[in-house]
Amino acid sequence: MSNSFKHICVIGLGYIGLPTAATFAAHGVKVTGVDVNQHAVDMINQGKVHIVEPDLDALVRDVVAQDKLSAQLTPIEADAYIVAVPTPFKDDYQPDLKYIEAAAKALAPFLKQGNLVILESTSPVEATEQMSAWLSEARPDLTFPQTMGEQADILVAHCPERVLPGKVLQELISNDRIIGGMTPRCSKAASTLYRIFVKGACIETNARTAEMCKLTENSFRDVNIAFANELSMICDKLDINVWELVSLANRHPRVNILQPGPGVGGHCIAVDPWFIVAKTPEQARLIRTAREVNDAKPEWVIDQVKIKIADFLQAHPDKTIRDVTIACYGLAFKPDIDDLRESPALEITKRLAEQGLNVLAIEPNIENLPHNIPQNIRLISVDERDSADIHLILVDHKQFKELNYDARLVIDTKGLQ
Ligand code: SAJ
């Protein structure tokens with residue numbers, strides 16, 4: 001299929017949509033980005049970014065200056081649409097597709113025969129078919145793959161993103177891409193679109209397999225991290241250094257255990273496995289248990305802190321809990337980034353402050369603490385850490401790897417000691 005994608009419309013300009021829109025624009029495609037957030041739209045149209053991702057600011061500045069990317073609040077006629085909106089879960093861990101529904105309803109009035117609509121958001125199995133059904137309801141004058149197969153007017157596919165925050169711009173281009181069309185013709189069209197910039201392989205499959213593939217990748221990682229986290233709690237009971245254990249076990253040619261930590265954060269790995277559990281609760285027993293193990297890890301870390309506080313107070317009978325100062329090393333959800341969203345490190349730090357401790361937060365990747373956290377947390381630099389009685393390592397930022405922890409009361413959730 002020759003490339004007939006001259007103008008695309010990307011709906012949702014967040015951590016995935018904006019880098020994708022900017023990368024298409026940098027490869028010569030005219031891109032209209034759409035977001036419901038007026039602030040994001042205004043920033044982008046000024047050539048600025050509202051999210052943090054290495055090199056994204058320069059890329060957006062260039063493509064906006066060249067008139068290749070612009071942003072607005074509502075969709076527009078285009079050759080292809082990419083939906084990259086959030087897919088959270090509700091209180092009962094059921095997926096919430098309201099943003100996909102809203103995007104489908106917003107773009108439907110602009111559809112014309114031959115258009116391709118791609119769902120990029122990580123989604124539960126059958127979400128692509130559901131999106132196509134919403135489009136069809138809104139446009140009874142057009143035909144869609146679920147009823148007309150290869151003869152449909154509109155092509156629909158699921159092409160999940162798989163990029164690692166912090167390396168988005170490289171991985172968008174270099175990663176292999178799973179292309180799940182509702183029909184083979186839909187897959188071919190979507191492959192043609194992504195080949196504009198993807199240097200990895202574009203591998204065609206059906207929409208359900210593509211949906212499940214993305215959920216499987218993140219569940220695989222979650223289960224492996226849960227295994228590591230469970231080992232860390234077992235090793236604590238048995239007085240074994242879990243990091244030494246993992247590194248020794250990983251010398252086996254067919255063993256590759258991930259690293260324990262204070263819990264699993266971010267917006268993907270702690271969410272996506274629930275989409276499998278919600279669909280197949282009877283079968284997804286291991287996947288559910290992994291989620292529960294990882295979600296329970298922050299509580300276990302807090303219990304470890306309580307044990308250390310008790311030790312400290314026993315050694316200092318003149319002091320009470322209000323005299324204890326704890327330094328929390330790292331607030332981000334993983335090393336060497338400034339992203340505090342869904343971060344177990346931040347959660348643990350907040351919970352400790354709520355218990356009345358004096359909390360010093362050491363987070364070299366931020367300049368100010370978020371507004372909504374307890375007042376007794378103070379942001380300090382690494383050099384000021386010696387005013388703390390207890391040292392809690394929560395993130396393996398590169399700055400923390402060089403420090404000496406000798407002669408201090410340390411709780412090390414990342415194996416830096
Ligand atoms: N973590 C550990 N131990 C490890 C590795 C990670 O505790 O050995 C923790 C991290 O500290 C963090 C959480 O897991 O809190 C998630 O971090 P991550 O680096 O594993 O993943 P994300 O959320 O930044 O990105 C993942 C990636 N998925 C996989 O590696 C399978 C990325 O490729 C996906 O595109 C992304 O989710 C997504 O958008 O779904």
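**Charged pairs across the chain**

Author: Glu-126 is partly exposed, its relative accessible area being 33% (buried is under 20%, exposed over 50%, partly exposed in between; 1.4 Å probe, protein chains only). The model is predicted, so local features need pLDDT of at least 70 and side-chain atom pairs pLDDT 80 or more, whereas totals for chains, interfaces and linings use all residues. Numbering starts from 1 along each chain as its sequence is written, and side-chain values use heavy atoms, without hydrogens or water.

The partner of Glu-126 in a salt bridge (Lys or Arg side-chain nitrogen within 4 Å of an Asp or Glu carboxyl oxygen) is Lys-279, with the closest N and O atoms 3.2 Å apart. Because Glu-126 sits in the loop between β5 and α5 while Lys-279 belongs to helix α11 (residues 272-279), this pair ties together parts 153 residues apart in sequence. Helices (H or I, at least four residues) and strands (E, at least two) are DSSP runs, numbered from the N terminus. Lys-279 is also partly exposed, at 42% relative accessible area.

Another pair is Arg-162 with Glu-217, at 2.4 Å from N to O. Arg-162 lies in the loop between β6 (155-158) and α7 (168-174), and Glu-217 in helix α9 (residues 207-238), 55 residues apart. Arg-162 is partly exposed at 26%, as is Glu-217 at 24%. Shared partners join Glu-126, Glu-129, Arg-208 and Lys-279 into one salt-bridge network.

Glu-120 and Arg-177 also form a salt bridge, with closest N and O atoms 3.1 Å apart. Glu-120 is in the loop between β5 (116-119) and α5 (127-138), and Arg-177 in strand β7 (residues 177-181), 57 residues apart. Both of these residues are buried.
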